[in-house]
Amino acid sequence: VRLVESGGRLVQAGDSLSLSCVASGRTFDSYALGWFRQAPGDVRKLVASITWITGRTFIADAVEGRFTISRDRAKNTMYLQMNSLKPEDTAVYYCAEDRDGEADFRSWGPGTQVTVSS
């Protein structure tokens with residue numbers, strides 16, 4: 001499957017932003033999709049994930065209460081709604097698939113840059 005993220009841009013602290021991840025290339029049947037982010041000099045970290053069929057979600061503590069993950073199965077698209085953005089949310093945001101529920105995320109997209117100015 002091919003995943004492509006979009007929606008990243010420069011915003012100010014306190015703003016909201018919505019990211020999209022579109023899946024294409026084969027019949028989409030993955031167990032889950034996830035959003036990750038990588039800030040300069042840091043490792044890539046899981047931000048949120050969602051199971052494709054049931055819609056069960058996971059939100060990392062760092063963004064709990066501010067970020068929401070969702071998906072539109074008809075559009076093969078996953079979303080990340082980010083509210084009350086902080087400068088520490090600045091990172092490249094990636095989506096990836098967990099094909100079989102083993103939390104082995106693959107098929108990384110190219111990423112989309114989110115920059116939050118103070």
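Q: What pattern does the protein follow, read along the sequence?
A: In this predicted model, the pattern is β-β-β-β-β-β-β-β-β-β-β. The secondary structure comes to 11 strands and zero helices. A strand here is a DSSP run of E with at least two residues, and a helix needs at least four of H or I.

Q: Why does the radius of gyration of the protein agree with that of a compact globule?
A: For 118 residues the globule rule, 2.2 Å times the number of residues to the power 0.38, gives a value near 13 Å, and the protein has 13 Å, so the two agree. The C-alpha trace spans about 40 × 25 × 25 Å along the principal axes.

Q: What share of the residues is buried?
A: Buried means under 20% relative accessible area; 39% of the 118 residues are buried. The protein exposes about 6100 Å², of which carbon and sulfur atoms supply 47%.

Q: What share of contacts between residues at least 6 apart in sequence joins residues at least 24 apart?
A: The share is 52%, where a contact requires heavy atoms within 4.5 Å.

Q: What makes a residue part of the lining of the largest pocket, and which lie nearest its centre?
A: A lining residue has an atom within 4 Å of a pocket point. The lining holds 14 residues, with Arg 37, Asp 42, Lys 45, Ala 62 and Glu 88 nearest the centre. The pocket holds about 170 Å³ of space.

Q: Which strand supplies the largest share of that lining?
A: β5 does, with three residues. β4 (32–38) and β5 (45–51) each supply at least two.

Q: How many lining residues are nonpolar, polar and charged?
A: Eight are nonpolar, two polar and four charged.

Note on methods
Residues are numbered from 1 along each chain as its sequence is written. This is a predicted model: local features need pLDDT of at least 70, side-chain atom pairs count only at pLDDT 80 or more; totals for chains, interfaces and linings use all residues. Side-chain values use heavy atoms; hydrogens and water are left out. On a 1 Å grid over the protein atoms alone, a cavity is a set of points where a 1.4 Å probe fits but cannot get out, and a pocket is an open set with protein on both sides within 12 Å along at least five of seven lines; lining residues have an atom within 4 Å of a point. Grid points are joined across faces, edges and corners, and a volume is the space filled by probe spheres set on the points. Ala, Val, Leu, Ile, Met, Phe, Trp, Tyr, Cys and Pro count as nonpolar, Asp, Glu, Lys and Arg as charged, and the others, Gly among them, as polar. Buried means under 20% relative accessible area, exposed over 50%, partly exposed in between (1.4 Å probe, protein chains only). Accessible areas come from the Shrake-Rupley method with a 1.4 Å probe; for residues, only the protein chains shown count as cover.
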